[in-house]
Amino acid sequence: MAVTDYLRKRFMPHIWCPGCGHGIIMRALLSAVEKLGLDKNDIVMASGIGCSARMLGYVDAHTMHTLHGRALAFATGVKMARPDLTVVVPMGDGDALAIGGNHFIHAARRNIDMTAIVMNNSTYGMTGGQYSPTTGCGEYGTTAPYGTVVQPFDTVELASAAGASFIARTTTYHAREMARILADAIRHPGFSVVEVLTQCPTYYGRKNAKGDAVEMMEGFRDCAVPVGPLDDSGHATVTIDPEAVDAPIPIGVFRKEVRAEYCDAYRRQVIEPAEAAAAASAAASAAAGGEQ
Amino acid sequence: MSTSRRIEINPDWCKGCNICVAFCPKQVLALDERGKAYVANVDACIWCRECELRCPDFAVTVVVERAS
């Protein structure tokens, strides 16, 4: 199948602005899905609200456009009922880390097998460029005309502290690598977080004089610093020479470790003992009935 | 065995963001007077697919067909 065979072509061209990086992420995701040879009927995608969430309108899989920040909760329900399906949740930075912050950390803590893509454009693009939890300190938004006062979240650090077992960061400039990382994340049996730095030239770029889409992607290219290889425990070493790059962005796979997966652990610890107890109780009552 | 290669651009999906033009290592692509991407110099193409991978609008497709 070609990548475009996974698209609902009747809804194209998509609504994203010219130069928006979200389309590059959608393409990388579909390339990963095609490379893995996944059937459309085996893919479930849930999204919340925002520009990122619009992706589900265009991907020809089982898709649910749900509540703001709550896509992971819906996805958890699907995965618990049908652990055999591949679940992918594209979210924006505000959707994942502000409105859905609690869902995000607890999904990571459970280590439930799904892929969360945090499409980080450092702003709330759909509603007009308000600052988000990933807008850098001192950067501008329509709600921060004097610049933001607080530090942004580091998605990788947050996911790591919350317990996600696969964590990566990439950018829209690194499209080929992004497809490879997304394929790896989908295959990983646990909660996978892939943060993709993406450009919003319309609001974030304009408000912060970052130039057009091309200049923003060149910024990703120039600031990206690859992390080291994974060690035996599945952790990557991040070494950054502060002299070499101004405002460096570490990219690559930060963590990849196999730990107990939630659906699997729940089946072993709850469902199977409960079914065994029910079967034993049924057998006991049948035996008791036979004695009478 | 022969290989036919071409770059297809869908003008209905292209939004003229210039990403494919800017990141082409061989200056194969350009924008026309309507601001849509077109293939300006196919002979220089090295078929690296950087344009296709980075087009946010699925408007660029690099087609490689192998026929025996």
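Modeller: Start with the core. This is a predicted model. Its largest nonpolar core has 70 residues, and Met26(A), Leu29(A) and Met55(A) touch the most other members. Take Met26(A). Beyond residues up to four places away in sequence, Met26(A) touches Leu7(A), His14(A), Trp16(A), Met55(A), Tyr58(A) and Val59(A), and from chain B Phe58(B). There is also a second, separate core of 30 residues. Its members include Ala75(A), Met91(A), Phe104(A) and Ala108(A).

Now the sheet itself. In chain A, eight strands form an open sheet. The order is β2-β1-β3-β4-β8-β7-β10-β9, with mixed pairing. Two strands of chain A sit at the edges: β2 (62-65) and β9 (224-226). Each of them pairs on one side only. On average, neighbouring strands of this sheet are turned by 20 degrees against each other, direction ignored. As background, strands of a sheet pair through backbone hydrogen bonds, and the pairing is either parallel or antiparallel.

β9(A) runs parallel to β10 (residues 249-256) of chain A, and three bridges join them.

Next is β7 (166-171) of chain A. Is this strand mostly covered or mostly uncovered? β7(A) is mostly covered, with six of its six residues buried. The cover is on both faces. Phe166(A), Ala168(A) and Thr170(A) are buried on one side. Ile167(A), Arg169(A) and Thr171(A) are buried on the other.

β7(A) has pairings of both senses. With β10(A) the pairing is antiparallel, over four bridges. There, Phe166(A) has Lys256(A) of β10(A) as its bridge partner. With β8(A) the pairing is parallel, over six bridges. Thr171(A) stands opposite Leu197(A) in β8(A).

Helix α9 (residues 213-223) of chain A lies across β7, β8, β9 and β10 of chain A. α9(A) runs at about 35 degrees to β9(A).

Some backbone details come next. Ahead of α1 in chain A is the segment that holds Pro13(A). A cis peptide bond joins Met12(A) and Pro13(A), with omega about 0 degrees. Ala209(A) lies in the loop between α8 (201-207) and α9 of chain A. Its phi is positive, about 50 degrees, although Ala209(A) is not a glycine. Ala209(A) counts as exposed because its relative accessibility is 71%, over the 50% cut-off.

Arg49(B) is not a glycine, yet its phi is near 70 degrees, a positive value. Arg49(B) lies in the loop between β3 (37-39) and α2 (50-54) of chain B. Its relative accessible area is 30%, so Arg49(B) is partly exposed.

Back in chain A, one loop residue is worth a stop. Thr148(A) lies in the loop between β6 (130-131) and α6 (155-162) of chain A. Its relative accessible area is 8%, under the 20% cut-off, so Thr148(A) is buried. Leaving aside neighbours within four places in sequence, Thr148(A) is in contact with Tyr131(A), Thr135(A), Gly136(A), Cys137(A), Gly138(A) and Glu139(A).

Last, the domains. Chain A is divided into domain 1 (3-259) and domain 2 (260-292). Their C-alpha centres lie 41 Å apart. The contact between them takes 10 residues from domain 1 of chain A and five residues from domain 2 of chain A. Helix α10 (residues 262-291) of chain A contains Gly289(A). With a relative accessibility of 41%, Gly289(A) counts as partly exposed. Gly289(A) and His103(A) are 186 residues apart in sequence. In space, their separation is 48 Å, C-alpha to C-alpha.

Notes: Residues are numbered from 1 along each chain as its sequence is written. Chains are lettered from A and ligands numbered from 1 in the order in which they are written. This is a predicted model: local features need pLDDT of at least 70, side-chain atom pairs count only at pLDDT 80 or more; totals for chains, interfaces and linings use all residues. Side-chain values use heavy atoms; hydrogens and water are left out. A nonpolar core is a set of buried Ala, Val, Leu, Ile, Met, Phe, Trp, Tyr and Cys residues joined through side-chain atoms within 4.5 Å. Buried means under 20% relative accessible area, exposed over 50%, partly exposed in between (1.4 Å probe, protein chains only). Contact means heavy atoms within 4.5 Å. Two strands pair if DSSP finds at least two bridges between them. Axes are lines fitted to C-alpha atoms, for helices over the stretch in contact, and angles run from 0 to 180 degrees between N-to-C directions. Domain bounds come from an automatic or database domain assignment.
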